[in-house]
Amino acid sequence: MAVFSIRGHGDPVLREKASPVLKINQEIKDLAKNMSDTMYDAPGAGLAANQIGILKRVITYDIGEGLHVCINPEVVWVSGECEEDEEGCLSFGEVRVLISRPVRVKVRAKDLNGNDVEITAEDLEARVLQHEIDHLNGVVILDRTAKREKRKALKSLRDSIIY
Ligand code: ZN
């Protein structure tokens, strides 16, 4: 299919809430393929549809164990235990910020065949799922980090702009 350009910091589409997918038709299957092509090309561990400018609730991810496509993913449970770790985002270049997130999550979604799936994830997979689902809600890494980290990240984003 196709590799899309990834929307970056400041693009309003990253701040919008994506709409639920009502029908898993060819358009959604093509979208998922384009998203995984774009994600592997980048390369990144995950991508949300917002990042290629499409406001549909679709995410793709691969933490080295194969491709996952989740449609209308929803976090239905999180562990009380949280862990802080550095996180980056394909929309934010080289920026890394410390984010504390629950270590384990349970996510409900549909797969590309329309089947209900329930994913119990931990560590990196849990972090990627939460990160991508955040995107679908218009939330980005800068919103999840401490003020000081955010200031540092914004400064490096400003400094990396090439005129
Ligand atoms: Zn991201």
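Tutor: Contact means heavy atoms within 4.5 Å. The model is predicted: local features need pLDDT of at least 70, side-chain atom pairs 80 or more, while totals for chains, interfaces and linings use all residues. Numbering runs from 1 along each chain as its sequence is written, and side-chain values use heavy atoms, without hydrogens and water.

Student: Of the contacts in the chain with a separation of 6 or more, what percentage comes from residues 24 or more positions apart?

Tutor: Take the contacts with a separation of 6 or more as the total. Residues 24 or more positions apart account for a share of 64%.

Student: Which pattern does the chain follow along the sequence?

Tutor: The chain has three helices and seven strands (DSSP runs of H or I, at least four residues, and of E, at least two, numbered from the N terminus). Read along the sequence, they give α-β-β-β-β-β-β-β-α-α.

Student: Which strands stand at the edges of the sheet?

Tutor: The open sheet has five strands in the order S1-S2-S3-S6-S7, paired antiparallel (a pair needs at least two DSSP bridges). An edge strand here has a single partner, so one of its sides lacks a neighbour in the sheet. That applies to S1 (46–48) and S7 (116–122).

Student: In S6, which residue is the bridge partner of Glu74?

Tutor: S3 (residues 68–78) runs antiparallel to S6 (residues 104–110), and five bridges join them. Glu74 has its partner in S6. That residue is Arg108.

Student: Which strands does helix H1 touch?

Tutor: H1 covers residues 26–41 and packs on the sheet. The strands it touches are S1, S2 (58–61) and S3.

Student: Which residues are the protein donors of the zinc ion?

Tutor: Donors are N, O and S atoms within 2.8 Å of the metal (3.2 Å for Na, K and Ca); water is not among the atoms, so sites may look incomplete. Here the protein donors lie 2.0 to 2.2 Å from the zinc ion. Their spacing in sequence is C-x41-H-x3-H. They are Cys89 (SG), His131 (NE2) and His135 (NE2).

Student: Is His135 buried or exposed?

Tutor: His131 and His135 sit four residues apart in helix H2 (residues 123–136), so about one helical turn separates them. His131 has a relative accessible area of 8% and is buried (under 20%; exposed is over 50%, partly exposed in between; 1.4 Å probe, protein chains only). His135 has 1% relative accessibility, so it counts as buried.

Student: Which residues does Glu149 contact, leaving aside neighbours within four places in sequence?

Tutor: Glu149 is in helix H3 (residues 147–159). Its relative accessibility is 12%, so it counts as buried. Its contacts are Arg96, Val97 and Leu98.

Student: What percentage of the chain counts as buried?

Tutor: The chain has 163 residues. The buried share is 42%.

Technical notes. Axes fitted to C-alpha atoms, helices over the stretch in contact; angles between N-to-C directions.
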